[in-house]
Amino acid sequence: MLLAVAFGAVPFAVMAWKEPVPFGFHVGLLGLLPAIACILHALSVPLPPRTMLRPAIATGSAALAFWALAVLAAQGALPSFVSAFALPLAFVGVLAGLDAVFPTEGGRPLARRHGFWLLAIHAVLGLPRLGTIGLFDPWEAHYGEVAREMIARGDWISTFWAHEGWFTSKPVLLMWMQALSMRALGVHHEPGRMLEGASGALAHPEWALRLPIFLVSGVGLYVLYKGTAKVMDRPRALLGALVLATTPYWVFLSRQSITDMPLVGFLAATMGCLLLALHTPESARVAPGKLHGGHALLVGILLVVLPQVLYLATRNVALAWEPGAHGFDWHADVVRAGSGGNCTLPGQVPCTSAPPFLLRFPPVLQAALWATLGAGLVLMVRAETRVARLYALAAWFFAALATMAKGPAGLAIPIGTVLGYAALTGRWRSLVSLMPVVGVLLAALFVVPWYVATYARHGRLFVDELVLRHMLGRTLDHLHDTNEGDDTSFRYYVAQLGYGLFPWSGLVLLGAARALGRHATRAERFFLLWGLLAFGLVTVMGTKFHHYAFLAVPPLAMLGGLGLGRLAERPKAPLLVVAATLAVFVARDFFAREPDGQALLVHLFTYQYARAWPGFLDARAPLLGIALLAVLLPLAARFRRAVPWVMAGGLVSALFLGTVYLARTAPHWGQHDVLAAYEARRAESSAPLVAYQLNWKGENFYTGNRLAIYGAGGGAWGPPLRQYATDLAASGTHTLFVVTESSRVRSLGGEMPPGSRTEVLTTEADSRQFCLVRVSL
Amino acid sequence: MAPIVKSRPGSPTARAPEPGGVGARLPSGWLDAGTFALCVLLLFGGIGRAGLWESVELDLAEHARTSLDGGAAARAVALGYRLFGVSAAGGRVVLAACVLAGALAIFALSACLEDVATARVAALLFASTPMVFVHARTLRGDALSMGAVAVAFAGLGIAALDERASLGKRVPALLVGVLGLGAGYAAEGPLLGVAAPSAAIGLAWLLGARETRRRGAVFGVVALAMAIAGLGLASRIPTIAAPLPFDHVLAEVAHGCFPWSALLPLALASTSNRPLSRAAWLFATAVFAAQSWLQRGGVLPVAFAVVLATAFTRARSPGPWSRFALAAVVAAAILLAHDFRSLPQKDLAAYGTTLAELPTSAKALADRGYAVAAVLVAAGAVGAAYLARAQRAWLFGATLTAALVLRFGFFASVASVASPKGVFDSYTRLRDPDEPLGLLGIKSTTALYGGAGAATELASSQDAHAWLVGGTTRRFLALRRAELPALNASYRAAFGRNLPVVDATSSDALLAVDHLAPLETSQSPLDALVLDTAPAGLAGGKTTFGDALELLGYDVVDDERAPASLSATKSRHLRVYFRVLRPFGGGHCTFVHLDRSPARFSEEHREWSAYPMSLWRAGDVLVDDYAVRLPPAFRGGGDYPLYVGVGVLPCSDDRRMPITAGANDGNHRAALGKVHVE
């Protein structure tokens, strides 16, 4: 245990250091992992057998190769087509290594492990062009900028965003994941350096934001597959997971660095663990003296809790090693507002410092409290040897992560599903094996510390805004949604699920019909209940966005996949016709509503549904192919041999949507290309950048918030734009770059000093929505 | 548990109701008679009680009365006029008869292909579906289409799919079916009226067992030929340029057919390859496709009723429903009830037209009716989940009761409230023989249907004012509610008080008079909004805005208008009183801010649609009534500063009417001090 403390001192020192430590993330990790290993040893967790050593080294090497490739890709040093092959290859290498580390009991070869194929396909679908497609405004860039500010401001508790100040609309997990990933991949977080790659190349910080999402998506798919395979069989569970992985919703949201995949991915993993827990005999126990999944769970708990405890403790102590100051300096916590390095720019929030709201509950005391509770939890988990209960604890683990990502739905849906399942099957006793008391403690230990820390610093601000306004308020009322004129009845999400499950929409109907029947399997009934709860929750919520229906996608897609696996078992002809007809009319919407029908897919995850589809983009031919697949699918159902071909079609469709459709639409729904144009010109001139009447968030992220903000609606600081331009000219700067929406260029000209000349530097092909303007003063 | 009975159509077990099935314990004849009587009551009961709903019914009524260019529906209504006289009820009776014919056809088809118990369920389900009985009792065209298509589907279905039927039964059935196709063609055209029912039966025959195909060969081929002919004729129909999303048809069924639509999961769970289920699902699919293609609807409830009825037969679906399917029913009932509560336009989805706007006064009735119906369905499903023997009868009974609650509660009232008939009845009751009626925004034909006799149509509020006050005897004026503000302003200019209204029971129309008779009181909705003097005891100080408006103070009342405090959990009304100092022509909004930093409750009233600012005249006292539901941030209560202001349209920035006297917060908001929140 002393060794664990010694290793733990490394990340503690990195966090406590007064200045950012170069490669601090990597150094901290190199201390944290051995510290966890030492804790496990102290808990009498057995050492891995020697036979595991070589495959473990091989796996580690493949993981290192994956990391190195990701670093190169994020730095812009790896061409897109190379990363499209190399990263999936390295990921498959990791999988192959893991197969050697954890072989199946029967010794099935790698090629016959369905889970391996699922994750390999996930890599092939998810990694190509993951980071070379620009961020979609506003959400990806919004959360990404909050994560960047965490690093720039050295503050991982009080989330902050540009000219609006404290960021209070989402819980913190996604931003932590993004910020850690940015640190791991060496992304330049400093103001004005975001697009600065290696050797003058254009960086792709999108890799850092989206890789954690890709990994969460893989965890969700795999654990859900494992749970389903336990209740049904591996081939059908694989079909279900593949249908899920190839739905547009999953494809898109696996490539969107927003809170939805962390919620739904971890929720899928929760449900997979619940299936395992509910269908494992209570008498089954882990083999004594051997490594097992419970130990992996301990590692997971320590990885989540320890960094939080260490970070909280360092809010009251700073480590300095400079002339005249050696050692630790104890101090009170301080609440610092303002964008790191940008406080003095027009439109930005001025930098201020203030004491925390609760002086009597400093972070170091909070750390002590969580450390004590964490130790108790670890001991309880360590003592558990019943397999079903370990699965239940894993379910609580993932549900807590889902709640950390987007709020109470992460706990409410699994709990509701399990209660409903117990009520409808009469298996009330199974609830006891789900360990509700320990589970609630685990969830609280994950979720509560950040809320307590923000309360101690800001009083009711985060509680009022995040919990009451954004969580409760969105449930009861309309908040920021953009559905004016739309039918917001239950139909709202039926339509989105029709598009978001395409080409499997008809198949899902067949699967749902099976699940409603008297001969449904336990897994089908479990998914049905989950789907009903998720759909019901998003439907009764006052605030509605298209992507909220994603919550219901995993169970529905699994029903579709399981249905595909059972279609050859005497399908009911009328329903096949119904499914095919439904697919025809869903497909019709993509074509008949020209040209905006093609935008229905991008609207599944973006904000402004009124934004027009660029007339020069044409995706109709591949969409027609997907539509044909959707229509023929139910009709091909009578032939078992058609299933692999149908699935192959689904994979091709998913690859198209993830790599081509997204790449073509991204410039018109985001600002990467426009700000890359600024980055290219910045090398020639140090002229400043202004965001004019723009609040789409990409402008803040891609510039590291190094920009003056005028007319964004939220800020009231600084002089008028004309005054700013006049002052610049007086100080000898005669060029100004402006990023704005294309429709605002004319009014921009009117705000410039007389005699100024404006020149639009980007074209419609760069972005139909946004443009870069050079103003000569 | 009841024994599992596997039966084939035509076998003796298929004809008799199964133990535990719907209506299993009463003699068959009584049940059939009861079914028929209930269908008649649902479709015809009180058919003339509500007057003509002008925005919904007048078009067809007038087409039928003046010419025959309204198509088959107008000819049907005209027939009603000829038989029963020109009245709303006379036209509706024929439409209701068409729907009754449809119900009988569905009964016959279900009895032939499945069993009599299923037939009773199908007929009752059809007749008690809101979208069906509403159209049967409203002068719209869909009732004729429903009846025609149901007859076509049933006739062709018996001819082609009834394995037991002899040629002597099949041929007349085919003839009836063809008759239905003809009527369907006239009512809905070749795609929906001909191709949809024929294709469904033709395909159901084609996908049937070999024996079925052999016996019904000629008739199946005829159905397919009819379908092809219908499709051929339909190919001339131009494609819709901007079709609605694929799911809009689903919404029609879900909201328009509630409470039965909540049982759709059971229909999905009970799908089978048996003839009735096969034909019903294919029919539903064909109608869905045709309606999606044509972007108009009204026929889907026919297919829906048959599809749903197949879920209730024990002969076809042995064993109890899955509890998970019943849980889906509960979920559907809850979600649909939520839609009805939160989206008022869904309350009248059964009318299938946006012309039917829910009268504000009927919203509470709608909420109550739909909530009771949802609870009944949910209770039926929960009960059915724990009943082994009579679960079908239990759920059917609960849902039928829910449908009856809606039929004889909300739907019976809404047509009466929406129709101006009450206004005409009041006029007839209150007038002396020589006192005339004027109309503003209401057509004289509506008065004719309403029994008010001849009336003078007036073109504008100025004309109406001049006419109303220009007589020597008392004059009555029936007017649309939307016309009241302008007319009231003219009246106030002339007499310094609000225009008297003697009937405000209709949601859309009012009956005004030039002066009240002794013992009469005015029911004008503007009496709560435009006052002559402000009440005493208002809170807050006086403030003057731009020398045009004087803020007199405010009070807080609850929903029953009793004095109260603002509440973080209950709805309240904050009423701000303004006196007009000089007319200023509008272009402004009024707003309130209640600050609880960083949250704020804010509300604004743009242009005042209830009494537009352009009508305000010096001396008027206006009541600015804000419905206050405070956001969760106010939980815990306290005292918070209240501000009132007058913004400049579009009220999206800080431009405001300046405060020239009184407490100004620096941003031209009147600072009214702190208000207590419980």
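User: Which side chains do Asp487(A) and Lys346(B) use, and in what kind of link?
Analyst: Their own side chains form a salt bridge, 2.6 Å from N to O; the term covers a side-chain nitrogen of Lys or Arg within 4 Å of a carboxyl oxygen of Asp or Glu. This is a predicted model, where local features need pLDDT of at least 70 and side-chain atom pairs pLDDT 80 or more, while totals for chains, interfaces and linings use all residues. Residues are numbered from 1 along each chain as its sequence is written, chains are lettered from A in the order written, and side-chain values use heavy atoms, without hydrogens and water.

User: How many salt bridges between chain B and chain A?
Analyst: The count is 2.

User: And how much area do chain B and chain A bury?
Analyst: About 4200 Å², with 70% of it on carbon and sulfur atoms. Buried area is the accessible area (1.4 Å probe) that two parts lose on being put together, summed over both.

User: Which residues in chain B lose the most area to chain A?
Analyst: Phe246(B), Phe324(B) and Leu335(B), together 19% of what that side buries.

User: How many residues are in the contact?
Analyst: Chain B gives 50 residues and chain A gives 47, with contact meaning heavy atoms within 4.5 Å.

User: Other topic. How do the axes of α2 and α6 of chain B cross?
Analyst: At roughly 10°, coming within 9 Å; axes are lines fitted to C-alpha atoms over the stretch in contact, with angles from 0 to 180 degrees between N-to-C directions. So α2(B) is roughly parallel to α6(B), a label for angles under 35 degrees. Helices here are DSSP runs (H or I, at least four residues), numbered from the N terminus.

Key: Helices (H or I, at least four residues) and strands (E, at least two) are DSSP runs, numbered from the N terminus. Angles under 35 degrees count as roughly parallel, over 145 as roughly antiparallel, 65 to 115 as roughly perpendicular and the rest as oblique.
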